[in-house]
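Here are a few notes to read alongside the model.

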Amino acid sequence: MRTPQHEVAITVGSGILQDSREIVPEDWRQAFVVTQAAIPLPASWPWPVIEVPNGERAKRLAVVERVAEELASAGATRGDGLIAIGGGVVTDLAGFVAATYHRGIDFVAVPTSLLGMVDAAIGGKTAVNLRAGKNLVGAFWQPRRVVADLDVLATLPRRQWRSGLGELAKYAFLGLDRLVELPLDEAVAEAAQAKARVVERDEREHGERALLNYGHTVGHAIEAAALARRRPLSHGEAVAIGLVVEAIVAERLGRITRDRVIQHVEVVARLGLAHRVPPWIGAAEVMVFLAADKKHRGSLAMVLDGPSGLELVHGVPEAVIVAAIDEARA
């Protein structure tokens, strides 16, 4: 993947974590691993390890400070780099540290989740959370490499599998028409390439990159509503439902036909995911969280399918969204 300032090598395969040449660029003086305790590291890795908390607790400015202090104590300079091994939380955090330590050092993203391999680790979005919301402090900082070793998925918990599949589903509407027919290795590689192509054309999300949020506007709101009910859905499970709801919105606006909505349902179902809004989540709850969406600028905006493919549509009527949610719950 090439952007105006960066060239990113993306490698997808099996067994590649055992070869350090695939991980650490030759011009690095030293490598530092940033990871979480629950993530097993290859025994052959000789580099010092900085562990961060599990879950979203890692994505805090206090953790950024601690990691940076450990790097400084070890004498890390711009000639060194970070290896972020883990899910999206780790790559977000370590990428942000890399973007800010010494005003920018290299990092390599080694995603260990399906979600990370097809989305989170690719594209250079790095961030941590504030009390006011997720990902409010961050930077665009491209990894030097992305290394996706499919062998690490063998022990992935079922819920994390489903989360990754939900994120994968959107690529069926971003040019990968045969997505559900591909074996896993090809699906991961083609999804990664599809995202890379979009990022190359719009690294800073001024236009086309927003299309990668397909399913996410409603999906994030459903995810938040489920969490508020203490019956959480994984990110990908919520996005899969969001894809279907947003397809129904597009149909109600006359942008697509019922057959196209059915295609969305079929893609989600073939990946083994639910396509209906849980009956214990009401449309009013979802709309509360939609109003807080960061793309909200006085009117609701979301990526919708249409006769020319996906596009970001502003001014989507709330009544249409409510009706689409209710239909998806029926």
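1. Thr91, Asp92, Phe107, Ala120, Ala121, Gly124, Lys125, Thr126, Trp141 and Pro143 line the largest cavity. On a 1 Å grid over the protein atoms alone, a cavity is a set of points where a 1.4 Å probe fits but cannot get out, and lining residues have an atom within 4 Å of a point. Please keep in mind that this is a predicted model, where local features need pLDDT of at least 70, side-chain atom pairs count only at pLDDT 80 or more, and totals for linings use all residues. Residues are numbered from 1 along each chain, and side-chain values use heavy atoms, without hydrogens and water.

2. The structure has 1 cavity of 30 Å³ or more. The largest cavity holds about 50 Å³ of space, a volume being the space filled by probe spheres set on the grid points.

3. Trp45 and Trp47 are tilted, because their centres are 5.3 Å apart and their planes at 55 degrees; under 30 degrees would count as stacked and over 60 as edge-to-face. Trp45 and Trp47 are both buried (under 20% relative accessible area, 1.4 Å probe, protein chains only).

4. Phe173 and Tyr214 pair edge-to-face, 6.1 Å centre to centre with 80 degrees between the planes. Phe173 and Tyr214 are 41 residues apart, so this pair links distant parts of the chain. Both Phe173 and Tyr214 are buried.

Technical notes: On a 1 Å grid over the protein atoms alone, a cavity is a set of points where a 1.4 Å probe fits but cannot get out, and a pocket is an open set with protein on both sides within 12 Å along at least five of seven lines; lining residues have an atom within 4 Å of a point. Rings of Phe, Tyr and Trp (its six-membered ring) pair if their centres lie within 6.5 Å; planes under 30 degrees apart count as stacked, over 60 as edge-to-face and the rest as tilted. Buried means under 20% relative accessible area, exposed over 50%, partly exposed in between (1.4 Å probe, protein chains only). Helices (H or I, at least four residues) and strands (E, at least two) are DSSP runs, numbered from the N terminus.
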